[in-house]
Amino acid sequence: MDGVEKRSGELLELHRAGRLAAEYPRVRQLLTDLPAVDLARAGRLLARLAPDDVLREHPATPTVSVAITGHGTLSALPPVLTAELGRHGLLLRPFLADFDSYVFDLGDAGSALYAADPDLVLCVLDPMIVFDEVATPWQPADVEQVLDEKLRLIERLAAGFASRARGSLVLNTMPLPRRFTAQLVGHRSRARLGAVWREANTRLLRLSEQQPSVITLDLDPLLADGVAASEPRMSVYAKAHLSADLLAGYAREVGHLARNFAGMTKKVLALDLDNTVWGGVLGEDGAAGIEVADTHRGEAFNLFQRVVKQIGAQGVLVAAVSKNDIEPVTAVLDEHPRMVLRVADFVQVIANWRPKHDNLAELAESLNLGVDSFVFADDSAYECGLVRHALPTVAVVALDDEPARHVERLLYEGWFDVRDLTNEDTARPRRYRDDLARKSFLDDFDSIEDYLRELEVRVRLARASEAEVARVSQITLRTNQFNLTTERLQTSDVQERLREPDAEVLAIHAADRFGDNGLVGAVFVRRAEADLHIDNFLLSCRVFSRGIEQACLASLLRHAHATGARAVTGAYRSTAKNGMVREFYPRNGFHTERDDGTAATFRHGLAEIAAPPEHISLTVDLGGESA
Amino acid sequence: MNTIDDFMAFVEAELGLPVTADDATQDFDGLAGWDSVHLLSLISAVERRTGRSVSLADALEAANLADIYRLTARS
């Protein structure tokens with residue numbers, strides 16, 4: 001790829017000059033699309049940086065702390081992980097545990113690993129965890145017995161982790177290299193070994209269903225794509241039981257997870273049409289001439305369309321951004337007999353002759369999202385380059401003239417990976433389409449007040465139920481703008497809050513004449529002596545500026561007053577994206593207690609509580625005494 | 001990589017280690033910024049660069065970068 005050498009060279013020069021910390025914001029771009037070997041080398045340079053030095057120069061750099069433990073030598077992992085996170089603009093704060101210390105690290109509440117309080121703990125499992133303990137000669141039954149002991153141990157460690165740590169524990173399936181299966185000369189016993197091994201891996205995968213704090217990465221798909229599981233010399237001599245290539249693939253998956261944890265999951269897939277979604281150029285080849293099925297290349301585009309539909313069905317907003325006239329585009333999408341994607345599958349179809357970056361920026365604005373939540377895929381290197389240049393925070397998927405590779409390219413980066421999918425996700429595209437309808441409805445009104453009155457907004461503020469935990473966690477992970485403290489909470493963290501006697505998790509539901517918005521916000525509150533403290537207040541960007549936040553805050557203040565609280569306090573912590581809510585509390589009757597520019601606290605004495613906005617019909621169910 | 005100077009420059013670029021030819025015979029214990037974990041990365045990088053296999057068992061016994069260079073030159 002163009003410029004690889006130049007960018008690798010620039011990184012090395014920055015390292016030599018001792019300028020990497022100062023220039024850290026440049027790193028993300030220097031790492032973009034580097035081949036694996038160059039990325040690993042870059043990682044070795046970056047791993048020499050002290051995270052604190054970077055944070056001193058750039059305090060707002062999003063940081064993910066990751067502890068790494070396991071059975072074998074894992075020294076290859078921190079550098080590649082540093083590079084993978086750096087590629088996403090994240091800074092890794094690593095903690096590498098001692099060799100083969102995972103049982104102690106996870107089993108002892110006083111371990112240095114727990115003291116490091118990481119966001120993520122990677123417990124890297126390899127086949128030697130088992131084979132180091134199998135006596136020679138062995139049969140499948142012997143392996144089965146050790147597997148069972150190890151699985152029970154890991155299940156115990158995972159339960160211990162859940163009870164004492166706040167972060168997530170990442171496990172992985174264990175590869176089974178041929179040098180073990182082939183030691184059994186009988187095919188029947190070889191099959192038996194394969195079966196017991198996979199049963200153990202299945203247990204590991206199932207563990208993530210039983211323990212909310214566990215995520216099990218399935219390494220089989222990486223192995224199936226041709227990555228060697230291990231390198232015998234490294235395994236025998238250096239006890240590095242997983243190959244550097246497999247650890248690099250593993251680190252890439254962890255990078256996707258970390259991006260999700262840091263609230264950086266992409267939300268929109270913007271697609272070119274000609275030679276991206278179908279073969280050929282609509283304007284030249286006509287509706288009958290483009291390829292969408294039934295030819296070799298047509299089959300490839302058909303497969304790609306199916307994958308886009310599959311992704312769109314899971315909450316990703318799919319948009320079309322094409323240099324075409326709009327009429328033939330909508331006609332071919334809805335009328336071509338073999339088209340998989342129809343107009344209704346897109347949150348918006350944009351076809352005009354303006355630069356694509358202008359269209360993307362405008363779409364972002366009308367969806368009320370940042371362009372940094374966009375992925376843009378195009379077969380034209382020119383268009384890709386232009387978008388990269390004009391909108392550097394858009395993730396660009398560079399496709400080419402081989403449509404059979406489109407699917408792999410699109411999925412490679414796991415741009416849309418989330419930890420749990422919620423009901424909200426599947427309804428999201430429809431809700432955003434409703435929003436666009438609301439916008440054109442708004443254009444018909446003279447004043448915003450008239451509009452809001454006609455919008456018939458209904459809001460329900462109520463304690464979050466167990467079934468809503470995943471969605472509430474997701475709100476904390478996805479919401480960047482209306483997020484007062486940007487405290488990201490995993491599902492297990494939200495569950496913990498629900499159990500705390502003095503804490504309360506409130507869910508905000510909204511609906512209006514255009515439809516149900518679903519669970520759109522959350523408020524985390526806590527009783528502290530005679531005060532009620534708001535830990536965080538979040539609202540989805542889809543429903544800003546409709547008075548929903550004022551209505552919920554007003555009813556919370558009333559409730560606090562009615563249940564004997566002396567005051568309500570709230571906090572704000574500034575990030576690159578939440579400047580719009582800096583004045584949220586002061587604008588709603590709170591006075592500022594402390595404000596150092598990045599963090600502030602506010603207090604409302606409850607003497608005078610403003611009424612909720614009139615245009616909102618509000619239902620409040622905050623239960624009894626606690627909040 | 002036909003000379004120890006080439007090799008040391010390669011080490012510097014691959015590992016980001018501030019070494020020059022003068023450091024070749026410095027024992028790893030006294031080599032600033034060296035960590036035993038770098039050895040595996042270095043051997044992989046050398047093998048990739050030269051297309052030849054290096055004896056890892058011998059490399060693990062090496063006392064300094066000059067020892068590693070001799071192993072890569074021999075293989």
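Predicted model: local features only at pLDDT ≥ 70, side-chain atom pairs only at ≥ 80, totals over all residues.
Residues are numbered from 1 along each chain as its sequence is written, chains are lettered from A and ligands numbered from 1 in the order in which they are written, and side-chain values use heavy atoms, with hydrogens and water left out.

Start where chain A touches chain B. The contact takes 15 residues from chain A and 19 residues from chain B. Contact here means heavy atoms within 4.5 Å. Together the two chains bury about 1,500 Å², and 53% of that is on carbon and sulfur atoms. Buried area is the accessible area (1.4 Å probe) that two parts lose on being put together, summed over both. On the side of chain A, A:R44, A:R48 and A:R233 lose the most area to chain B, together 39% of what that side buries.

Take A:R44 from that trio. This residue sits in helix α3 (residues 36–46) of chain A. Helices (H or I, at least four residues) and strands (E, at least two) are DSSP runs, numbered from the N terminus. A:R44 is buried, at 10% relative accessible area. Buried means under 20% relative accessible area, exposed over 50%, and partly exposed in between (1.4 Å probe, protein chains only). Which residues does A:R44 contact, leaving aside its neighbours within four places in sequence? They are A:P79 in chain A, and B:E14, B:L15 and B:S41 in chain B.

Now look at charge across the contact. Side chains of opposite charge can pair when their charged atoms come close. Four salt bridges link chain A and chain B. A salt bridge is a side-chain nitrogen of Lys or Arg within 4 Å of a carboxyl oxygen of Asp or Glu. A:R233 and B:E47 form a salt bridge through their side chains, at 2.7 Å from N to O. Helices α1 (4–16), α3 and α13 (232–238) of chain A each supply at least two residues of the side that touches chain B.

Salt bridges are found elsewhere too. Over all chains, the structure holds 43 of them. A:D38 is buried at 17% relative accessibility, and A:R41 is partly exposed at 22%.

The side chains of A:D272 and A:K356 meet at 2.9 Å, N to O. A:D272 lies in the loop between β6 (268–271) and α15 (282–289), and A:K356 in helix α18 (residues 356–367), so the pair ties together parts of chain A that are 84 residues apart in sequence. Both A:D272 and A:K356 are buried. Salt bridges with shared partners also join A:E487, A:R497, A:E500, A:R526 and A:D535 into one network.

Next, go to strand β4 (residues 168–172) of chain A. Is this strand enclosed or open? Five of its five residues are buried, so β4 is largely enclosed by the rest of the structure. In a regular strand the side chains alternate between the two faces of the sheet. Here A:S168, A:V170 and A:N172 are buried on one side, and A:L169 and A:L171 on the other. Strand β3 (residues 120–124) of chain A runs parallel to β4(A), joined by three bridges. Strand β5 (residues 214–217) of chain A also pairs with β4(A) in the parallel sense, over four bridges. Two strands pair if DSSP finds at least two bridges between them. A:V170 stands opposite A:I215 in β5(A).

Finish with the backbone. The peptide bond from A:T136 to A:P137 is cis, with omega near -5 degrees. A:P137 lies in the loop between α8 (128–131) and α9 (140–164) of chain A. A:E529 is not a glycine, yet its phi is positive, near 55 degrees. A:E529 is in the loop between β13 (515–528) and β14 (531–539) of chain A, and is exposed at 82% relative accessibility.
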